[in-house]
Amino acid sequence: MSKKTHINVKCPGCKKEYEMTMWQSVNVDLDPSEKEKIKNGTFNIVECPFCGHKAKTEYTCLYHDMKGKKQVYVLPDDFDSQLKEVNTFVTGLKTDEFGVSQLANEGYSFRAVHDFNELREKVIIWDEGLDDRAVELYKAVMYEHLTEEGNDIRKIFFFADKSGYFFVLFMSDGKVGRVAIDKAMYDRFEKEYGKSIAGNAGNGRFGVIDLAWALKTLPH
Ligand SMILES: [Zn+2]
């Protein structure tokens, strides 16, 4: 099930108060329209009913896709200690209490991310039928190559549209670029590393699969 609460926020535009919805957990099998919002980046945008001012929000939220067998914890505040807390909680439970280890045996993936942008990226990757670990490894190889060429990259996101798959690059100087993803190359990553990578967070804990993880995992 999904769980949500409502809190009052003050509009930074007109200074009036209004109520916003916070999803403590969002089950996208039950609320599929929320999945679309996550994918198009509007899930965590709130709009003031008085003046139309839009603001981006970040808060702790558990994403659950039953059909796709994925759970993702969005942990925007004090990531490391929150993640530790969550994992202490789920590993301390008996199987029948929460079912994380049981779900892991059924092929569930558990991930932790820092914000809704990272959640968005995961959902897009999985909806394309790709493995996020292989995507991050591909990303890491590209990151190392571009960094060696002197580029100062702040953040990279996977994206898919009609033209295919690509990485969107956010550079430190504010510029944005994109690099096409070669599907044959992706397949090689998935074949060579994807399935066998230790650190697959399917062992009953929420794990971090991101660029930093991939840079550590790549054989050098
Ligand atoms: Zn307003």
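Two strands are counted as paired when DSSP finds at least two bridges between them. Helices (H or I, at least four residues) and strands (E, at least two) are themselves DSSP runs, numbered from the N terminus. The model described here is predicted: local features need pLDDT of at least 70, side-chain atom pairs count only at pLDDT 80 or more, and totals for chains, interfaces and linings use all residues. Residues are numbered from 1 along each chain as its sequence is written.

As a general point, strands of a sheet pair through backbone hydrogen bonds, either parallel or antiparallel.

A residue is called buried if 20 or more other C-beta atoms lie within 10 Å of its own, exposed if 12 or fewer do, and partly exposed in between, with C-beta atoms placed from the backbone. E1 is hardly covered, as the count of buried residues among its eight residues is zero. In strand E7 (residues 109-113), by contrast, five of the five residues are buried, so E7 is largely enclosed by the rest of the structure. Both faces of E7 are covered, with Ser109, Arg111 and Val113 buried on one side and Phe110 and Ala112 buried on the other.

E1 is joined to strand E2 (residues 17-27) by eight bridges, and the two run antiparallel. Within this pair, Ile7 has Met20 in E2 as its bridge partner. The hairpin of E1 and E2 has six residues between the strands, and Lys15 there takes a positive phi near 70°. Lys70 has Ser109 in E7 as its bridge partner, while Gln71 stands opposite Phe110 in E7.

There is also a three-stranded sheet. It is open, in the order E8-E9-E10, and its pairing is antiparallel. E8 and strand E10 (176-180) are the edge strands, each pairing on one side only. From one strand to the next, the twist averages 25°. Eight bridges connect E8 and E9 in the antiparallel sense, and Asp161 stands opposite Gly164 in E9.

The expected span of a helix is 1.5 Å times one less than its number of residues. For the 17 residues of H6 this gives 24 Å, and the end C-alpha atoms are 24 Å apart, which agrees. Among the buried residues of H6 are Asp132, Arg133, Leu137 and Tyr143. What covers the buried residues of H6 includes helix H5 (116-127), strand E8 (153-161), strand E9 (164-171), H7 and helix H8 (211-217). H6 is followed by Gly150, whose phi is positive, near 100°.

Helix H6 (residues 132-148) and helix H7 (residues 183-192) pack at an angle of about 115°, with their axes 9 Å apart. In this contact, Ala134, Leu137 and Tyr138 of H6 meet Met185, Tyr186, Phe189 and Glu190 of H7, where two residues are in contact if their C-beta atoms, placed from the backbone, lie within 7 Å. By class, the contact has six nonpolar, no polar and one charged residues; Ala, Val, Leu, Ile, Met, Phe, Trp, Tyr, Cys and Pro count as nonpolar, Asp, Glu, Lys and Arg as charged, and the others, Gly among them, as polar.

Asp187 also has its place in helix H7. Asp187 counts as partly exposed because it has 13 C-beta neighbours inside 10 Å. Its C-alpha atom is separated by 9.2 Å from that of Leu130, 57 residues apart along the chain.

H2 has 14 residues and reaches 20 Å from its first C-alpha to its last, close to the 20 Å expected at 1.5 Å a residue. The number buried among the 14 residues of H2 is one, so H2 lies largely in the open.

Terms used: Axes are lines fitted to C-alpha atoms, for helices over the stretch in contact, and angles run from 0 to 180 degrees between N-to-C directions.
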